[in-house]
Amino acid sequence: MSIQIVPAVSTLFLENGYVIYDDENPQKECIFVDPGLEPQKFIDFVNQEKLVPVAILCTHGHADHIAGIASLKSKYPEMEIVIGQKDAQKLTSPRKNMSLRFGFPFTVPEATKILFEDGEEIQQFSLGSINIEARYTPGHTIGHAIYRILGCKPESLIVGDLIFNQNVGNTDFADGDFDTLSQSIRNHVYIFPDDTILYSGHGNTTTVGNEKYNNPYVRMENVSKQGIS
C-alpha cells in the first residue's frame, strides 16, 4: 500500500482540497476531501491518473469546502458524500454554509453517509480500498471532523479548519467555540506522534510536533512524546 495525498487548491479563499488514493491498488479508487470552488482541478487529476472516485469526505460544511460537491457528484453519481451529523444541514442551507453571507448562495446534494450519529467520537470505515478513521472535532464548527488515513507512514491527518501551521480555525461563527476547539486539538491531534503530518484546509502542511510546541493558540509542551499506535 502506498497512499498518496495530493492537494487541489481553490484560488478564492486559498482552500485546500485533497485527492487521496493508493497508487498500488489496481482498482485505482480515490477519495476527494473538501472539494472547493474549482472542482475541475479534481476532475483533471482523476483523468490524468485514471482514477475512480468513490467518495467525498467533508471536514465541515462551510461554503469554501463544499462548493465543488454538486459538480463532482453530477459527474460521478455513485460517490458517497460523508460528513459529521451536526454539520450535515450545512450542505443544503445557504445560510448555514455561509454562501449566502458571501453573496453566492448555493446548496449541494445531501450526505449519503452521516458520521457520529450515535454519539461516538471515533468511527472507522472503508471507502473502496482506503481505510479511514474519523474523529469528531467540534470548535470551528459544531460538526467538524478530521480524518486519519490509515496505512500512512508517517501518520497523516486531514484536519480541515481545526488547526493550521501555527494557527487555528476561526471560532467566531455561530456554532464555533474556542475552548471546544482547543479541547478537540488536544484530544484528537496532539495525541499522535510528533512526525504526524497535518493536511490543513488552508496553508501549508505542518506536523503535530511543530504545533504542539510552537502553536501560540493551543500549545502543549508537557505532553508525552510517545503518541498512540
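In this predicted model, V208 has a relative accessible area of 0% and is therefore buried. The residue belongs to helix α5, which covers residues 208-214. Beyond its neighbours up to four places away in sequence, V208 touches V189, Y190, F192, P193, D194, T196 and L198. The C-alpha atom of V208 is separated by 9.5 Å from that of L157, a residue 51 places away along the chain.

Confidence in the prediction was examined along the chain. The mean pLDDT of the protein chain is 94, and 96% of the residues reach 70 or more. Residues 222-229 have a pLDDT that stays under 50. For this stretch the model has 13 contacts beyond four places in sequence.

Open space was then considered. Where empty space is left is shown by rolling a probe the size of a water molecule over the atoms. The largest pocket holds about 200 Å³ of space. Its lining consists of 15 residues, and those nearest the centre of the pocket are H62, D64, D161, F173 and H202. Sorted by class, the lining of the largest pocket comprises 7 nonpolar, 6 polar and 2 charged residues.

Aromatic contacts were described next. The distance of the centres and the angle of the planes describe a pair of aromatic rings. The count of aromatic pairs comes to 7. F32 is part of strand β3 (residues 29-33), whereas Y76 sits in the loop between α3 (69-75) and β5 (80-84), so the pair ties together parts that are 44 residues apart in sequence. With a relative accessibility of 0%, F32 counts as buried. Y76 is also buried, at a relative accessible area of 14%, since the limit for buried residues is under 20%. A second pair is formed by F104 and F106, whose ring centres are 6.0 Å apart; their planes meet at 15 degrees, so this pair is stacked. F104 counts as partly exposed, with 27% relative accessibility, while F106 is buried, with a relative accessible area of 16%. F32 and Y76 also belong, together with F42, to one aromatic cluster.

Several features of the backbone were noted. The peptide bond from K153 to P154 is cis, and its omega is near -5 degrees. P154 is located in the loop between β9 (145-149) and β10 (156-160). F13, although not a glycine, has a positive phi of about 75 degrees. This residue lies in the loop that joins β1 (3-10) and β2 (15-22). F13 has a relative accessible area of 31% and is therefore partly exposed. A positive phi of about 75 degrees is also found at M98, which is likewise not a glycine. M98 is placed in the loop between β5 and β6 (113-115). At 11% relative accessibility, M98 is counted as buried.

Note on methods:
Residues are numbered from 1 along each chain as its sequence is written. This is a predicted model: local features need pLDDT of at least 70, side-chain atom pairs count only at pLDDT 80 or more; totals for chains, interfaces and linings use all residues. Side-chain values use heavy atoms; hydrogens and water are left out. On a 1 Å grid over the protein atoms alone, a cavity is a set of points where a 1.4 Å probe fits but cannot get out, and a pocket is an open set with protein on both sides within 12 Å along at least five of seven lines; lining residues have an atom within 4 Å of a point. Grid points are joined across faces, edges and corners, and a volume is the space filled by probe spheres set on the points. Ala, Val, Leu, Ile, Met, Phe, Trp, Tyr, Cys and Pro count as nonpolar, Asp, Glu, Lys and Arg as charged, and the others, Gly among them, as polar. pLDDT is the predictor's confidence in each residue, from 0 to 100. Contact means heavy atoms within 4.5 Å. Rings of Phe, Tyr and Trp (its six-membered ring) pair if their centres lie within 6.5 Å; planes under 30 degrees apart count as stacked, over 60 as edge-to-face and the rest as tilted. Helices (H or I, at least four residues) and strands (E, at least two) are DSSP runs, numbered from the N terminus. Buried means under 20% relative accessible area, exposed over 50%, partly exposed in between (1.4 Å probe, protein chains only).
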